[in-house]
Amino acid sequence: MAPSSTSSEGATDEWVPPSRRPELADVVPVPQDDGPHPVVPIAYRDEFREVMDYFRALYFAGERSVRALHLTAEAIDLNPGNYTVWHFRRLVLEALEANLQEEMNFVDQIAECNPKNYQIWHHKRWLVEKLGPGIANKEHEFTRKILAMDAKNYHAWSHRQWVLQALGGWETELQYCNQLLEEDVFNNSAWNQRYLVITRSPFLGGLAAMRDSEVDYTIEAILANPQNESPWRYLKGLYKGENDFLMADERISDVCLKVLKNDSTCVFALSLLLDLLQIGLQPSDELRGTVEAMKNSDPEIADADLATAICLILQKCDPLRINYWSWYRTTISSQI
Amino acid sequence: MGDGRELAAEKHVRYIVTVEKKKDSFESLVMEHIRLNGAYWGLTTLDLLHKLDAVEPDEVIQWIMSCYHPESGGFGGNVGHDAHVLYTLSAVQVLCLFDRLDALDVDKVADYIAGLQNDDGSFSGDIWGEVDTRFSYIAICTLSLLHRLHKINVQKAVDYIVSCKNLDGGFGAMPGGESHAGQIFCCVGALAITGSLHHVDRDLLGWWLCERQCKEGGLNGRPEKLADVCYSWWVLSSLIMIDRVHWIDKDKLAKFILNCQDKENGGISDRPDNAVDIYHTYFGVAGLSLMEYPGVKPMDPAYALPLDVVNRIFLRKEH
C-alpha cells in the first residue's frame, strides 16, 4: 500500500471500528464460519476481522446500500484479493446506479498498489464494458503507467490487448512497442505485443505488408544483443508457415553468420542456421566456411556434415539442453 | 542426489498440518477466500508423501461440502464465498483424493461448469464473465473427472485454446496473449485430456519449455524472468504431456527444488532462502514427483492428482 493514499471511501483520518459507527448500529456482525478461532491480540487482525464480520452481515442480507458500498471499499482495502467482496460491490454499484467513472478512479488507485491482482483487472474490464469506447484512451494511459513500473505485468498486458481489440487505440501502439524495446530490448512481453500489432492492427496492413521492415528492425536488435532469445523467435515468427520465404531471405542466414563471427557459440544463431538447413537451405560458401572454421577447433567433429557439426557444437556450448540437441541431430541424419 | 540434499518429507508433512490449523495467522486471513485452493495444495502434497491419513477425511469432506452452493452447483473458495470454477475444481480434486465423489450431485456440478462455456468455445470463471485459458483447463479437467465432458462443446473448446497459440509454440491467457508456462500447462493439459495434442507443435514448444531452465537449474515461466519453484510443475508437466521431458537437466532441477526447502521447519519456497508457503511446497513436491523422486507418489501431469487417484477414477466404469 502507498503510505499516503487511502483508497477506501469509508475511511476517515481516525479509523473508527464498524462496531462503533452509528450508521452500522443495527447490523449484527457475522464471523467467518470455519471452526474455532483462538483470540490473538493484534490490532490489525482485529480490524480485519471486524470489517469482514460486518461485510458478511450486509452481504448475506443482500443489502445494496451506500453503507454496504463503503464497507466493501474497506474490505477491499484490507484484502483486494477477496473476490466475493468485489462481486458484491458490483451488485451494489448496479443497484445504486453509481457513477462508474468515479468507480474507475477508485479501482485504479487500488490497482496501482496491487497491480498483479486478477479481481482488480476484471473489475476494470467490467467497468470498461459499461463505459464504452470513450474510455479507451484513458485505459491505455493507465496500462502504460502500470507497465512503466513493471513492463512485464501479465495482467496489464492482457487488459491492454483486450481494450485494443474491443475498443481500438491501435494508432500509436507500434510506437509504444518501439519505446518499450528501446528501454529494454529483452522484454519478451513487448516483442509479443509487437507481433500482435503487426498482425492485427487495422492500420498496418498485416504481417505480409510489415514483414520486410520488421526483418530489418529485428536484425538490428539481434546484432545489438545476440543472446536475446526474443528477437530470434520473433524473426522466425515473421515467416511462420512460410519456410520458402524464410529460406529465400538472405538477411536471415546473414545475421546468423554475422553473429557467429563474433561469438561462435551463440546458441540462437546456430539453432536458426540448423533450422534453415533442415528446411532445405543450400549452404553458401561463407556458411560452409564459418562452420568449417568451428569444426577445425574441435577434432571430434571434423568428419561430420554441416548440420550434424552444428548439432555437435550446440551439444557442447549448451550442456543443459544436451538431450535436445542430440535429439535434433538424430532427426537430421534420418533425413539425409 | 546423495550429497546431503534430500527431501525433508516428514518436516513438510508437519508444516502442512500446522498451516492447516493456524487459522488466525495473517497469511490465513489474507488467503481466507482461497482456502479451498489451499486445501487442494496441502492435501495433494500429503497424499504424494503417503501421509493423507494425517487428516480426518470426514472433517475435510464436511468442510468442503460447506463451501458448496446448491443453487448454482459451484463451490466458493471458503464457507460464505461466491461460487467460481477455480474452487470447484479444487473441491472435485480433493473429493477425488478421498474417493468421495459420491458426496456430489455430479450432474448439478457439471451443469454449473458447462453453463459457463461461451459461444466462441472459451469459458468464463463465474457469472461475472472473466475469460481466461485457465478456465478452459479447469472446466475440461473438472468435467473429465466427473465423466461429464459430453456436456460441453469440446470441439469449440479446443478451437478456442488453439486460437491462443503463439509463434513460439506456447499459449497465452487469450488470443494474442504472451506465452507463459502456467497458461501453457492449462492449454496443453486441456488438449491432452480431450485427446487433441495433435494441435501442439511439440518440438517447437518443447524447445521453448526447455529454454526455461536457468543456469542454476531452476525453471522460469517466461524469457528473462527469475526461476521459481512453481514452474517446476507448470513446465515439467507440459513437457511430459508432449513427451519432451528428457530435454531438460532433471538432476539440476531437483537440486534447485531441494535447495528451496526449509529443512528445520518444513515447507518449500519460490527460490533458495525465501520464506516458505503452502503453494510452493505443493509445486516443489509435485515437481519432484514428476521426476520420479524416491518416496514420492507419481503424479498425473494433466489432472494434477496422484496417478493412483486418477487410475481409480478412470479404471472404474460405474458412470
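A residue is termed buried if 20 or more other C-beta atoms lie within 10 Å of its own, exposed if 12 or fewer do, and partly exposed in between, with C-beta atoms placed from the backbone. The structure is a predicted model, in which local features need pLDDT of at least 70 and side-chain atom pairs count only at pLDDT 80 or more, whereas totals for chains, interfaces and linings use all residues. Residues are numbered from 1 along each chain as its sequence is written, and chains are lettered from A and ligands numbered from 1 in the order in which they are written. Helices (H or I, at least four residues) and strands (E, at least two) are DSSP runs numbered from the N terminus.

Helix α13 of chain B (residues 278-290) is mostly covered, with 12 of its 13 residues buried. The buried residues of α13(B) are Ile278(B), His280(B), Thr281(B), Tyr282(B), Phe283(B), Gly284(B), Val285(B), Ala286(B), Gly287(B), Leu288(B), Ser289(B) and Leu290(B). Their cover includes α1 (9-21), α3 (35-48), α11 (230-241), α12 (250-259) and β1 (299-300) of chain B; contact here denotes C-beta atoms, placed from the backbone, that lie within 7 Å. From its first C-alpha to its last, α13(B) reaches 18 Å, close to the 18 Å expected at 1.5 Å a residue, where the expected span is 1.5 Å times one less than the number of residues. Glu292(B), which follows α13(B), has a positive phi near 60°.

Among the buried residues of α2(A) are Leu69(A), Thr72(A), Glu74(A) and Ile76(A). Helix α3(A) has 14 residues and extends 20 Å between its first and last C-alpha atoms, close to the expected 20 Å. Its buried residues include Tyr83(A), Trp86(A), His87(A), Phe88(A) and Arg89(A). Glu97(A) follows α3(A) and has a positive phi, near 50°.

In soluble globular proteins, nonpolar side chains tend to be buried together. A nonpolar core is defined as a set of buried Ala, Val, Leu, Ile, Met, Phe, Trp, Tyr and Cys residues joined through C-beta atoms within 7 Å. The largest such core has 152 residues, and those with the most contacts inside it are Ile310(A) and Ala139(B). Helix α9 of chain B (residues 181-193) gives the largest share of this core, 10 residues. Leaving aside residues up to four places away in sequence, Ile310(A) touches Leu270(A), Leu273(A), Leu274(A) and Val291(A). A second, separate core of 40 residues includes Ala57(A), Val85(A), Phe88(A) and Met104(A).

Between the chains, 38 residues of chain A are in contact with 33 residues of chain B. Elements giving two or more residues to the chain A side include α1 (43-61), α3 (83-96), α5 (118-131) and α7 (154-167). The largest share of that side, 6 residues, comes from α9(A). By class, the chain A side has 12 nonpolar, 17 polar and 9 charged residues; Ala, Val, Leu, Ile, Met, Phe, Trp, Tyr, Cys and Pro count as nonpolar, Asp, Glu, Lys and Arg as charged, and the others, Gly among them, as polar. Val30(B), in helix α2 of chain B (residues 26-30), touches Asn79(A) and Gly81(A), not counting residues up to four places away in sequence. With 15 other C-beta atoms within 10 Å, Val30(B) is partly exposed.

Within chain A, the axes of α10 (residues 206-224) and α13 (residues 250-262) come within 10 Å and cross at roughly 10°. Axes are lines fitted to C-alpha atoms, for helices over the stretch in contact, and angles run from 0 to 180 degrees between N-to-C directions. The helices α10(A) and α13(A) are therefore roughly parallel to each other, a description that applies to angles under 35 degrees. Val215(A), Ile219(A), Ile222(A) and Leu223(A) of α10(A) meet Arg251(A), Val255(A), Lys258(A) and Val259(A) of α13(A). This contact comprises 6 nonpolar, no polar and 2 charged residues.

Ser297(A) lies in the loop between α15 (285-296) and α16 (306-317) of chain A and counts as exposed, with 10 C-beta neighbours inside 10 Å.

Definitions and conventions. Two residues are in contact if their C-beta atoms, placed from the backbone, lie within 7 Å. Angles under 35 degrees count as roughly parallel, over 145 as roughly antiparallel, 65 to 115 as roughly perpendicular and the rest as oblique.
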